[in-house]
Amino acid sequence: MPEQLIWGMEVFLNGLMAGVLYALVALGFVLIFKASGIFNYAQGVMALFAALTLVGIMEGQVPFSHLINAIFGTEVHHFGWHVPALLAILLTMVVMVAMAWVVNQLIFRHLVNQEPIILFMATIGLAYFLEGFGDMMWGSDIKKLDVGLPQGLNPFIDEVTYNIFGYGFFIDNLDVVATVVAALLVIVLVIFAQYSKQGRAMRAVADDHQAALSVGISLNFIWVMVWSLAGFVALVAGIMWGTKSGVQFSLSLIALKALPVLMLGGFTSIPGAIVGGLIIGVGEKVFEFAIGAPYLGGATEIWFAYVLALIFLVFRPQGLFGEKIIERV
Amino acid sequence: MFYREAGDFKTSYTEDNQTFPIKFDRYRYYAVLVFAFAVVPFVINDYWVNAVFLPFLIYAIAAIGLNILVGYCGQVSLGTGGFMAVGAYAVYKLMTSFPDVSMFIHVILAGVITAVVGVLFGLPSLRIKGFYLAVATLAAQFFLVWLFNRVPWFYNYSASGQISAPERTVLGVPITGAETAPWAAYLFCLVFVTVCAIIARNLTRGMAGRKWMAIRDMDIAAEIIGVNPLKAKLTAFAVSSFFVGISGALFFSVYLGAVEVGEVFGINKSFLVLFMVIIGGLGSIFGSFAGAAFLVLLPVLLKNTLVGGLGWPTDLAAHLEFIIVGALIIIFLIAEPHGLAQLWRVTKEKLRLWPFPH
């Protein structure tokens with residue numbers, strides 16, 4: 001087999017893994033959009049915030065230490081204890097649920113019945129707020145996140161591919177774990193939405209707010225629940241990306257990467273988010289490998305996803321799996 | 001008492017159709033113009049021009065441009081930063097290729113070039129609507145910035161990959177480069193702001209603006225009553241990009257002087273201008289000015305009080321700025337979705353009856 005093709009296959013596999021991570025973020029978007037019609041731009045920043053909080057709790061950092069030091073002239077930084085990863089994750093989840101409640105109480109309860117674009121802008125505001133808040137709470141330096149996930153070359157895949165092709169594929173263990181986690185998460189979410197009482201209520205709200213209200217479903221509860229779920233997805237995404245490339249500001253930019261994924265898959269479809277993520281992940285890696293790096297000077301990954309989604313949408317405006325858009329006057 | 005239409009009789013159609021039909025408004029407008037052109041240039045110094053006036057004027061042009069697209073035509077765009085970059089690089093190429101031509105012409109040509117690019121990226125808006133369009137404009141943002149970063153022709157093969165403005169003059173007075181006097185840069189931008197605002201104001205209350213607003217309110221209904229969506233949307237994109245291009249050109253050549261495209265015209269710039277439009281008020285020219293002033297002054301104020309006054313570290317002040325801007329946007333959306341312009345409108349309503357409201 002020619003070398004180029006084998007390398008291409010490796011790139012393809014890596015793209016698939018990256019796509020899973022995109023899909024993970026996109027999933028959070030879809031959840032909130034389906035249940036409340038809010039297009040949550042802050043999803044990426046929520047992932048950053050979750051990861052920052054997780055690191056902060058694990059390391060025993062004093063929240064707002066910079067602020068306290070600046071105002072009172074003290075020198076506090078750490079409590080001096082280390083929290084085990086599992087407990088820290090649970091505590092972070094508590095923080096995310098609290099945040100969901102606050103966000104719903106303070107912001108989106110007051111914006112019921114506003115146009116979608118106003119809600120979208122509000123989430124951009126929320127994103128700015130959370131970004132500043134997270135940085136102020138935990139400091140803006142790049143942090144290492146290690147919750148004990150395996151990292152580095154996966155020897156099994158390396159060995160198997162070496163036996164077949166005579167060339168070992170480099171696949172990061174973390175990507176494999178992420179893929180498994182994402183698959184599990186999707187299955188759990190689908191089961192939750194289809195079979196549990198709360199999940200059914202969530203779908204009812206997504207379908208029609210007023211009808212849902214009239215059969216006795218509490219909109220507030222569902223919204224808090226959905227934002228908590230999105231916070232949970234953000235936490236998972238934050239752990240994966242944070243372990244991969246450190247907890248830093250650029251983490252929030254993955255939200256921007258998730259947008260074309262959503263457009264491709266359709267805003268309303270969970271399978272769409274997964275398939276879209278895979279297409280974008282594979283597409284940008286393969287494009288960079290085959291055309292971008294040799295002919296266009298590289299770094300095409302920045303825009304490829306958007307242009308692909310743009311071209312795709314011109315032909316199919318509702319995305320791959322989105323509900324057909326019917327417009328009436 | 002002063003602000004009223006009663007007793008202000010109009011005897012011709014021209015008078016009836018003027019931009020500011022109420023006398024008080026008109027005189028206020030003249031007073032602002034006289035103040036801006038004849039008083040401010042004599043009293044400002046370097047700090048005021050660079051920290052407050054230039055960014056305010058330049059962002060005001062960009063906000064007017066984006067307001068035409070988002071506020072009047074209802075097409076949300078997140079590609080403003082990219083289009084500003086087009087304006088900047090266009091003016092750079094023109095400045096270096098034709099050094100003898102006046103800067104006025106260069107800046108206007110840069111606007112025209114940006115308008116063409118804007119129409120190109122506006123084409124998908126005929127098929128894609130709402131959020132999908134907002135995300136699609138991100139394609140413009142990322143693609144354009146990447147393009148200017150990667151193709152050496154755009155930055156004249158300079159080693160650093162940056163572009164920097166050589167000295168150019170208008171009527172013998174240097175406008176760009178290190179030798180520029182503060183008042184010259186200020187006046188140069190002010191002329192553009194004034195002309196852009198007048199054009200925008202009159203476009204939006206004329207036929208073009210009414211077509212845009214019809215498209216914004218409901219595009220299918222607009223199509224049925226005979227508005228051509230192709231023309232309306234593309235003219236909105238063209239006019240909007242024209243303004244944004246001018247502001248990008250001024251931002252690079254007059255204000256910054258040297259630009260690294262990824263840093264200056266990144267996605268954050270798109271959001272900043274969008275925030276100006278939202279805080280100022282969607283669909284209002286005055287709102288664009290108010291929003292630009294607000295978001296230019298806020299960081300300056302915060303920095304002066306927190307870093308200068310209280311001695312906080314700069315990064316902490318920057319975080320606080322994020323928090324405050326984010327919170328303000330949310331508060332504005334909840335309390336007054338129509339922005340500062342609506343507050344001004346309410347004040348004017350009150351003024352008409354003042355001091356005898358009953």
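In this predicted model, helices α2(B) and α7(B) are roughly antiparallel to each other, a label given to angles over 145 degrees, while those under 35 count as roughly parallel, 65 to 115 as roughly perpendicular and the rest as oblique. Helix α2 of chain B spans residues 23-43 and helix α7 of chain B residues 182-204; their axes come within 10 Å and cross at roughly 165°. Here an axis is a line fitted to C-alpha atoms, for helices over the stretch in contact, and angles run from 0 to 180 degrees between N-to-C directions. Helices themselves (H or I, at least four residues) and strands (E, at least two) are DSSP runs, numbered from the N terminus.

Which residues bring α2(B) and α7(B) together? From α2(B) come A36(B), F37(B) and P41(B), and they meet W183(B), Y186(B), L187(B) and L190(B) of α7(B); contact requires C-beta atoms, placed from the backbone, within 7 Å. This contact holds seven nonpolar, no polar and no charged residues. Ala, Val, Leu, Ile, Met, Phe, Trp, Tyr, Cys and Pro count as nonpolar, Asp, Glu, Lys and Arg as charged, and the others, Gly among them, as polar.

On the α4(B) side are G81(B), G82(B), A85(B), V86(B) and Y89(B), which meet A140(B), Q141(B), L144(B), V145(B) and F148(B) in α6(B). Seven of the residues in this contact are nonpolar, three are polar and none is charged.

In chain A, helix α1 (residues 3-36) and helix α10 (residues 219-245) have axes that come within 9 Å and cross at roughly 175°. That makes α1(A) roughly antiparallel to α10(A). Among the residues that meet are L21(A), L24(A) and G28(A) in α1(A), and W223(A), V226(A) and W227(A) in α10(A). By class, this contact has 19 nonpolar, two polar and no charged residues.

The two chains also touch each other, through 40 residues from chain A and 37 residues from chain B. On the chain B side, α6 (130-150), α9 (219-224), α12 (267-280) and α14 (314-335) each supply at least two residues. The most come from α14(B), with 13 residues. The side of chain B that touches chain A divides into 32 nonpolar, two polar and three charged residues.

The UniProt record, an unreviewed entry, annotates several stretches of chain A as "transmembrane region", including residues 84-104 and 217-241; such annotations, given in the numbering used here with shortened feature names, may be inferred rather than shown by experiment. Residues 84-104 of chain A are 95% helix and 0% strand, with end C-alpha atoms 30 Å apart. For residues 217-241 of chain A, the figures are 92% helix, 0% strand and 36 Å.

How confident is the prediction, and what mean pLDDT does chain A reach? On this scale of the predictor's confidence in each residue, from 0 to 100, chain A averages 80, with 94% of the residues scoring at least 70. Within chain A, confidence is lowest in helix α6 (residues 155-165), at a mean of 71, and highest in helix α4 (residues 85-108), at 87. Chain B averages 86, and 99% of its residues score at least 70. The model scores ipTM 0.79 and pTM 0.86.

Residues are numbered from 1 along each chain as its sequence is written, while chains are lettered from A and ligands numbered from 1 in the order in which they are written. For this predicted model, local features need pLDDT of at least 70 and side-chain atom pairs count only at pLDDT 80 or more, but totals for chains, interfaces and linings use all residues.
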